[in-house]
Amino acid sequence: MSTLLLRLAAPLQSWGVDSKFDRRITGRSPSKSGVIGLCAAALGVRRDEEERIEKLAHLKFGVRIDEPGRLLKDFHMAHKEMFWDSFDRSRINREKASSSYLTIRYYLSDAAFLVGLEGEKGFLDEIDVAIRTPMFPLYLGRRSCPPEGRVSLGVVEDGLKEALKKWPLIASLRRSKFKEDKLRIVMDADKDTEKDSYLLRDFPLSFNPEHKKYHFRRVCEFPLPHLVKEQDIGEHDPLEELEVLPCT
């Protein structure tokens, strides 16, 4: 099998697996449903095209955490408009008012992840091309979190685990607070790792906003035995895409 590798880095990311409207949490690494949503957006898959989403969801998924980032807590004030009817001399007036309430949202700041999707090479090549020229905008968990720099690193002729172990680091060790023995991989469990796995409700079946559907998947974790050298594309700098204006 082949593996498509993705570089997910940005000033902000947020990967919700179990969130309520007024409290939006984030996982500490990209969710499978979030990455499948990113691939679906690139391919132009609509939210209610369940067969195409299911095909993407059956790709084997894994993440290498190169830079975990920092957890940020943000406060948003949401507004909701309400209408009610009032009587005025045999005429019904439509009156409007608004109510406000506080919501809490969590993000990962300055994180960098190497994500792998294992499957049939022809299908992975199609996703690779789509991510380079996406049909819909790409974002890392939420619409307010666009990716920074290069996303698709191409398709390699390795299985998922081997590809994640061999690819050079995408975040500089000079900037990272991670030590060598803390680097780890989180991926879909197989028969060999099933007994040490745990369940996550993170297998997407439908992104239809009227009835989103997710199933459980088994996940395993393991540390990287050896550190890989940094990649030639340079260290992860979340601000490198911003234009530098001359001083006046």
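Does Asp-188 count as buried or exposed, and at what relative accessibility? Asp-188 counts as buried, at 8% relative accessibility; buried means under 20% relative accessible area, exposed over 50%, and partly exposed in between (1.4 Å probe, protein chains only).

1. Basis of the note. This is a predicted model, in which local features need pLDDT of at least 70 and side-chain atom pairs count only at pLDDT 80 or more, while totals for chains, interfaces and linings use all residues. Residues are numbered from 1 along each chain as its sequence is written, and side-chain values use heavy atoms, with hydrogens and water left out.

2. The salt bridge of Asp-188. Asp-188 forms a salt bridge with Lys-32, their closest N and O atoms being 3.0 Å apart; the term denotes a side-chain nitrogen of Lys or Arg within 4 Å of a carboxyl oxygen of Asp or Glu. Asp-188 lies in strand S7 (residues 184-188) and Lys-32 in helix H1, 156 residues apart. Helices (H or I, at least four residues) and strands (E, at least two) are DSSP runs, numbered from the N terminus. Lys-32 also counts as buried, at 3% relative accessibility. Both residues belong to a network of salt bridges that includes Asp-202 and Arg-217.

3. Other salt bridges. The whole structure contains 11 salt bridges. One of them joins Arg-7 to Glu-148, with the closest N and O atoms 3.4 Å apart. Arg-7 is in strand S1 and Glu-148 in the loop between H3 and S6, 141 residues apart, and both are buried. Asp-190 and Lys-60 form another, at 3.6 Å from N to O.

4. Helices H1 and H3. The axes of H1 (residues 32-43) and H3 (residues 121-132) come within 8 Å and cross at roughly 75°. This makes H1 roughly perpendicular to H3, a label for angles of 65 to 115 degrees. Among the residues that meet are Leu-38 and Cys-39 in H1, and Ile-127 and Ile-131 in H3.

5. The nonpolar core. A nonpolar core is a set of buried Ala, Val, Leu, Ile, Met, Phe, Trp, Tyr and Cys residues joined through side-chain atoms within 4.5 Å. The largest has 38 residues, and Ile-127 and Ile-131 are among those that touch the most other members. H1 supplies the largest share, eight residues.

Key. Axes are lines fitted to C-alpha atoms, for helices over the stretch in contact, and angles run from 0 to 180 degrees between N-to-C directions. Angles under 35 degrees count as roughly parallel, over 145 as roughly antiparallel, 65 to 115 as roughly perpendicular and the rest as oblique. Contact means heavy atoms within 4.5 Å.
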